[in-house]
Amino acid sequence: MNITTDKLAFIYIRQVICLLLLAASFHVQAQTNLTVTSHRIAVAGTRFTLDENPFPYTGLSFFNAIYNPTFNANSEVRRAWLKKFQNYGINVLRVWCQWDNTRGFVDASPTNTMFQADGALCPPHLATLKAILSDADRFGMCVEVVLFAQESYLEKIRFASPSDERAVAALTRELLPFRNATLQIWNEHSDARVLPLLKVIKAIDPPRLVSNSPGYAGDLGRDEENSALDYLTPHTTRSGRYWETAPLELAALQKKFGKPVVDDEPARNGTLRFGGPEAQTSPFDHIVQILNVWLVGAFPTYHHDMFQTGYGTPAIPPSGIPDPEFNPYHLTVFTFLAHRDRFWPVKP
């Protein structure tokens, strides 16, 4: 059999890339203790618990967390950022496995995805996620791991069955030791694959908390899915007096399904694009909405815009990390979150 020089070069380059990825995986894995995490998130009725104690779930969008070089420079740097988030009231990070869209978001790249085309996992990215989970556990923090993103789906980056099941099964097995993680199947998407993928997860790890973000603002999900999921994470209404409407939507879901409901709170300072409110916002809009969310017994995730316009633009911290102190607009909201214990738990 004749093998051309080009083919030999291709094989060689592919082997080198695999070796480099494996080396990167070992480097990141060396940063983390892969024993079972000490903290365990669960649900009790319409509330979250951590180690069987009430847990005031307060999330932060950090979609690019797995792929941000500053955050993942080493464990010491990562822990310093986690401590800063915690000081501002954040105890849950919402991170994405797929960060391969072409919208110009901070750290987005075609290679920044947990899943290969056949559903296999990418070792270095998996090791980074495990390191994040391990470091978060040291602070009693949790991580909502978003598996698939509609942003990627719309760009034809998709995993048909059985590749999607293979990917979800592999990640579920890998995360078995990490009890401070929850899984969200989709960001802003719902299709016939949600329930089969939920079944895959539960067959491997029955106690794992699983959710799904069903669609754009105001899409509260289908009853069949909402009944099956462990907690609900809709993107609530983002128009009109949304700080009043959104909490009422959450309260209705909570009453109907009897499980925790988390709001994705849309803060926009640098851009109104990508699903934000229709008009210019104020930090006090978000503060009022978060307070109303707490008053109905639901939970917030602060979804800012410190990733949407790319490095070098005024809305983006130089680090690409959602720094609570980067600008006065977001700092106002984070300062309110830092005083959560003055307002939570509040009986409706």
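**Entry 1: the largest cavity**

I looked up the volume of the largest cavity, which is about 50 Å³. The model is predicted; local features need pLDDT of at least 70, side-chain atom pairs count only at pLDDT 80 or more, and totals for chains, interfaces and linings use all residues. Residues are numbered from 1 along each chain as its sequence is written, and side-chain values use heavy atoms, with hydrogens and water left out.

A cavity here is a set of points, on a 1 Å grid over the protein atoms alone, where a 1.4 Å probe fits but cannot get out; its lining residues have an atom within 4 Å of a point. I note a count of 1 cavity of 30 Å³ or more.

I then listed the lining of the largest cavity: Arg-94, Glu-144, Gln-184, Thr-233, Pro-234, His-235, Val-262, Asp-263, Asp-264 and Thr-301. Strand 9 (residues 262–266) gives the largest share of this lining, 3 residues; strands are DSSP runs of E, at least two residues, numbered from the N terminus. By class I recorded 2 nonpolar, 4 polar and 4 charged residues in the lining.

**Entry 2: helix 9 and helix 10**

I next looked at helix 9 (residues 283–295) and helix 10 (residues 328–338), whose axes come within 9 Å and cross at roughly 25°. The two helices are therefore roughly parallel to each other, a term for angles under 35 degrees. I recorded their contact (heavy atoms within 4.5 Å): helix 9 supplies Pro-283, Phe-284, His-286, Ile-287, Ile-290, Leu-291 and Trp-294, and helix 10 supplies Tyr-329, Thr-332, Val-333, Phe-336 and Leu-337. By class, this contact has 10 nonpolar, 2 polar and no charged residues.

Technical notes
On a 1 Å grid over the protein atoms alone, a cavity is a set of points where a 1.4 Å probe fits but cannot get out, and a pocket is an open set with protein on both sides within 12 Å along at least five of seven lines; lining residues have an atom within 4 Å of a point. Grid points are joined across faces, edges and corners, and a volume is the space filled by probe spheres set on the points. Helices (H or I, at least four residues) and strands (E, at least two) are DSSP runs, numbered from the N terminus. Ala, Val, Leu, Ile, Met, Phe, Trp, Tyr, Cys and Pro count as nonpolar, Asp, Glu, Lys and Arg as charged, and the others, Gly among them, as polar. Axes are lines fitted to C-alpha atoms, for helices over the stretch in contact, and angles run from 0 to 180 degrees between N-to-C directions. Angles under 35 degrees count as roughly parallel, over 145 as roughly antiparallel, 65 to 115 as roughly perpendicular and the rest as oblique.
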